[in-house]
Amino acid sequence: MEKQAEKRSFDVKATLQNGLTYSRKNFDQVLPFILLVVVLVLISIVQPGAISGKWLANKIDGAMVLILASMGQSLVMLMYGTDLSIAGIICLTNTLSALFMPNTPFGVIGTILAMCLLGVVAGIFNGFIITRFKMQPFIVTLATWSIFDGLALYFLPRDGGNVAPLYSNFMMQRIGILPISVFILPLLILMWSWLKRTRFGVAIFAIGRNETAAHNSGINVNMVKLKVYAFSGLFAALAGTYRTAYVASGSPTAGDGYVLLTCCAAVLGGINVASGRGSLHRTIVGAFVLQLITDLLVFCGLSTYWTSLIQGALLIIVVATNSGLDLLRKKRNLEV
Amino acid sequence: MEKIKRIYTKNSSIVFAYIIAAVMFIFVSVFRPEFATFGHVKVMLIDAAILGTLAIGQTFVILIGGIDLSIQWNMCTSGIMFVMLYKAWGLTGWQFMWLILLCLAVTTAVGFLNGLGVAYLNMHPMIMTYGMNTIIQGVVVAVTSKGFPGGFAPDEYYDFCVGTTLNIPNLVLVWLVIIAIISILLARTPFGRKIYAVGNSETVAYFSGVKVKRIKMLAYAISGFAGGLGGLLFTGRIGQAYLGMGDPYLFQSVAVVAIGGTSMVGGSGNYIGTVGGTLILIILNSLLSAFLIPASWQKVIYGILLLGAVMLTYSRNIKQGRKA
């Protein structure tokens, strides 16, 4: 009762204190928002007047491939797995949709659906081998990465392809100043809000915390894993298909950078592999921050060579801090 | 006889790897007689020496149940550093020996950092090593961006690497020495025993008094060392170093360990198996180029090969587990 009363009168001090306690305990969960603000402030200092509605819309367009791909990676990482084949699936769907999409409305929709199906099948293939043969995810997905990459290279030996103008024009059009990708974001947010409340969503978290315990409490671990890899494949396929519209060309090596980028976005967004915590909403923020950091470096006049260095360093620093904090927390809990 | 049989059942996957290598070799030689000439075998063995050296690190790391994805740019770092510093410092003749030590020290340090993150900070090995890979890639590319990326190996070093002793390539001799050292290290020393103990069960190893974290860190350090050494051998073989020279080797180094019958969850397998896997992959490489298979299908075949190898090892382990 008291709490409710407090809430109604909105005690600033108490709210602030609650917030501080929360952020101290869940540093990894607050980090993406802090980083977002810091990066935006830095950009407006380095390049005053750069931030505008139009600029942000362009950025969301640019970050969409990464956001979609990181959604799948985050789901997998929540279960203490990794999916390297995301890179291969992006390459494959990117090349296929750039090559074979007919320039009719039904053709476009059909191709997108076919690509999604392809991604799901590829993901199920990963998941089947991982669960049936009880193998390390990274080794299986490393192998399938090579397979999908090879197939992409077979269809399209070098960058190019003729993208259906209807498709890329539709995806790149502006409604007012809002790009189409802005309408994808709420869909993604709604999806995760719904998914995490389902049995499936809860099972993902359970497996991430403790696989044996999840199995013992009656969760069909293999089935959940299979579904998660299928989801990961689906999101990678969406990312690849979106890239076709965004770049308006296909590339058999487009996805290779996304192994690191998706892991980095997921980790920046607070997906904690060791403790199985995290949320896909924050992954979106993480992916967006990663995109902005690249721009910040360009604004600062650093050559693109440094981007990969900074991305790698960011990944390691964030993961190291998170797992270091986890270790400390565990130690403290044991001592008390 | 009993003993031989026991050794065979224990290492059946390794024997299997060598049999496949032999069968493949005979198969190709029938269709392409020039495949079996002494000159071509020599070339293949030199390639195998480089890949085999790189795979040392991967063997150690996979034996403790991890993975090292930083091998490709570790290799590139040592190669590029070697040729660039040789030119920049104006060294002559055999002074490059010191440079070799320096390059190996740098890559070993990178391996140590990997190990620190994985063992002491409890980070996922894939994230740690792939992040590290990107970092050293960034450093190397940024440092070389000013001038010509790469350069040529010192003449004396190049002559040694392509030279032969008693008609056997020097690199192959180096590799034979390495095989002997690594096999003894894994099978006959406390350190090797501890590697297997940690790979089988970290908890059990910990309670048996093994310093698990230290062993893990050392395994990654060895991987860094092997990556550097492989890069130097590669530089010597082709006489120059260039950016991205390690890129094909990440996948191949993992694949040969898997083909050699080392379990991906750690704890079983050895370097002799990796050597067998290396031979298979090298023969497959030249087989694919002999039959003019395009790069795209090569990638697909490699992927299927890796998957098949891992699955075979798994099913064999299950069978043995049931017998025991």
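Biologist: Which helix of chain A does A:Val46 lie in?

Modeller: A:Val46 lies in helix H3 of chain A, residues 27-46. Bear in mind that this is a predicted model.

Biologist: Why does A:Val46 count as partly exposed?

Modeller: A:Val46 has 15 C-beta neighbours inside 10 Å. Buried needs 20 or more, and exposed needs 12 or fewer. The value 15 falls in between, so A:Val46 counts as partly exposed.

Biologist: Which residues is A:Val46 in contact with, leaving aside its neighbours within four places in sequence?

Modeller: A:Leu296, A:Phe299 and A:Cys300. Take A:Leu296: 250 residues separate A:Val46 from A:Leu296 in sequence. In space, their C-alpha atoms are 8.1 Å apart.

Biologist: Turn to H13(A) and H14(A). What describes two packed helices?

Modeller: The angle between their axes, and the distance between the axes. Helix H13 (residues 258-268) and helix H14 (residues 280-299) of chain A pack at about 120°. Their axes are 7 Å apart.

Biologist: In which hand does H13(A) pass H14(A), left-handed or right-handed?

Modeller: The crossing of H13(A) past H14(A) is right-handed.

Biologist: Which residues make the contact?

Modeller: H13(A) brings A:Leu261, A:Cys264, A:Ala265, A:Ala266 and A:Leu268. H14(A) brings A:Thr283, A:Gly286, A:Ala287, A:Val289 and A:Leu290. By class, this contact has 8 nonpolar and 2 polar residues, with no charged ones.

Biologist: Now chain B. Why does its radius of gyration agree with a compact globule?

Modeller: A compact globule of 324 residues would have a radius of gyration near 20 Å. Chain B has 20 Å, so the two agree. The C-alpha trace of chain B spans about 60 × 55 × 40 Å along its principal axes.

Biologist: How many helices and strands are in chain B?

Modeller: Chain B has 14 helices and 4 strands. Of its 324 residues, 48% count as buried. Among contacts in chain B between residues at least 6 apart in sequence, 80% join residues at least 24 apart.

Biologist: How many residues does the contact between the chains take from each?

Modeller: Chain B gives 39 residues and chain A gives 38. On the side of chain B that touches chain A, H14(B) gives the most, with 14 residues. By class, that side has 27 nonpolar, 11 polar and 1 charged residues.

Note on methods
Residues numbered from 1 in each chain as written. Chains lettered and ligands numbered in written order. Predicted model: local features only at pLDDT ≥ 70, side-chain atom pairs only at ≥ 80, totals over all residues. Contact = placed C-beta atoms within 7 Å. Helix = DSSP H or I, 4+ residues; strand = E, 2+ residues; numbered from the N terminus. Nonpolar A, V, L, I, M, F, W, Y, C, P; charged D, E, K, R; others polar. Axes fitted to C-alpha atoms, helices over the stretch in contact; angles between N-to-C directions. Left-handed = near helix turned anticlockwise from the far one by under 90°. Rg over C-alpha atoms; globule rule 2.2 N^0.38 Å.
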